[in-house]
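Have the structure open as you read.

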Amino acid sequence: MADFEHLGLLFSIVIALSSISVTVKGKDGGFSIDLIHRDSPLSPIYNPSETPEDRLDKFFRRFISFNKTSISPNAAESPVSSNNGEYLMKLSIGTPPFDVYGIYDTGSDLMWAQCLPCLSCYKQTNPPFDPSKSSTFKELACESQQCHLLDTVSCSPQKICDFSYGYGDGSLAQGVMATETITLTSNSIPNIVFGCGHNNSGTFSETEMGLFGMGGRPLSLASQIISSLGSGRKFSQCLVPFRTDSTITSKVIFGGDAGVPGAGVVSTPLVTKDDPTYYFVTLKGISVGDKLFPYSTASAPTKGNVFIDAGVPPTLLPRDFYNRLVEGVKEAVSMEQVDDPALRPQLCYGSSILSNGPILTAHFDGADVQLKPLNTFISPKEGVYCFAMQPVDADTGIFGNFAQMNSLIGFDLDAKTVSFKPVDCTKQ
């Protein structure tokens, strides 16, 4: 177990899927999944009594909360704050299928769900999964190879593989490791390794029945889904812009159909580091118009100095880099800043920044990715747009999901590359 006192709160913060649509196109195809925002009418936790202004205020409060956190990308266990989630993922566990809504977390690897008997669990709206009612549930033995895919396991007196998985915000899941059949719409995948949590606590909400880790290790749900397809270890995503019509969904594709084809594609290497959970790449710098701001003024950038995380809204940069970059943005924008005490210390402008703002370019190793004002300025309230990047007191940064909007982004885990292509994700 890691020393949580020094972990802080990592930004493998969660996105979630509230509804899921899956299509299997054969061995060389894959799964196509719709990502639906938690505030969409299609979401099971949609609150019709909230106004658009209420939802925007809640979203921005989650956004600015990233100022108070720190990065620990080499931590043995992957912290997460369930209060910052944007989406839930729906899948079914067991035979017969039992629906589970779990946090979709791109920065951790364990899939777990609350299970009966629930010895000490946080309160949830729907009943927990009851493994005694599933004909395909099987606990893992201590000596099984699958048991040791997770570092934090122990052996019970009955020789069953127990797990304990902690998060930097103090949340904890404990139970037994098992295999089970999961179902995505009508398509079933057998022998998925997951944690059946009997002692779970922390900041989880009543709508969250567990957590689905989608990181880079073999144990993650993403890795297990991809392996089951036999058509290449790859997945791609296309995130619709913030404040898009809530009935329009983002897309995630697993398997052979997850390539990024056509003109305009650029690719950068994935960097292997001590912890394979995270999707590390190398960011050399960011240009504001034609003016380049290097990641570091003291030396060449360290390989794998940022990781790509669709669960983190803002892009997070080391403080010195951020300070230089934000000054460059101020110099490039002739508009008067909006000084709203409720938004300080954010850099904010009026709505014309979307048409008159500068183009930023993220210079990855071998790939230049253009960021339009749509990616770099986000509206916390009507008529006001604030810079969608924030400083952190760490050497490692995060390329957040605002910067990823309207890009088809492909993760090829065999070729060890990440590819980018500018597209209109609302039409994908």
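Cys115 and Cys196 are joined by a disulfide, S to S 2.0 Å. Keep in mind that this is a predicted model. The pair links distant parts of the chain, 81 residues apart: Cys115 sits in the loop between strands E5 and E6, and Cys196 is in strand E10. Cys115 counts as buried at 0% relative accessibility, and Cys196 is buried too, at 0%.

Searching the whole structure turns up six disulfides. Number the bonded cysteines in sequence order and the pairing reads 1-8, 2-3, 4-6, 5-7, 9-12, 10-11. Here are some of them, with handedness taken from the S-S torsion:

| Disulfide | S to S | S-S torsion | Hand |
|---|---|---|---|
| Cys115–Cys196 | 2.0 Å | about -110° | left-handed |
| Cys147–Cys161 | 2.1 Å | about 85° | right-handed |
| Cys348–Cys386 | 2.0 Å | about 95° | right-handed |

Cys348 (strand E20) and Cys386 (strand E24) are 38 residues apart, and both are buried.

Now for the sheet. Four strands make an open, antiparallel sheet in the order E17-E16-E21-E22. Its edges are E17 (291–294) and E22 (367–371), each pairing on one side only. From one strand to the next, the twist averages 25°.

What joins E16 to E17? Four bridges do, with the strands running antiparallel; Val288 has Lys291 in E17 as its bridge partner. Helix H3 (residues 319–332) lies across E16 and E17, at about 20° to E16.

Notes
Residues are numbered from 1 along each chain as its sequence is written. This is a predicted model: local features need pLDDT of at least 70, side-chain atom pairs count only at pLDDT 80 or more; totals for chains, interfaces and linings use all residues. Side-chain values use heavy atoms; hydrogens and water are left out. Two strands pair if DSSP finds at least two bridges between them. Helices (H or I, at least four residues) and strands (E, at least two) are DSSP runs, numbered from the N terminus. Axes are lines fitted to C-alpha atoms, for helices over the stretch in contact, and angles run from 0 to 180 degrees between N-to-C directions. Contact means heavy atoms within 4.5 Å. A disulfide is a pair of cysteine sulfur atoms within 2.5 Å. Buried means under 20% relative accessible area, exposed over 50%, partly exposed in between (1.4 Å probe, protein chains only).
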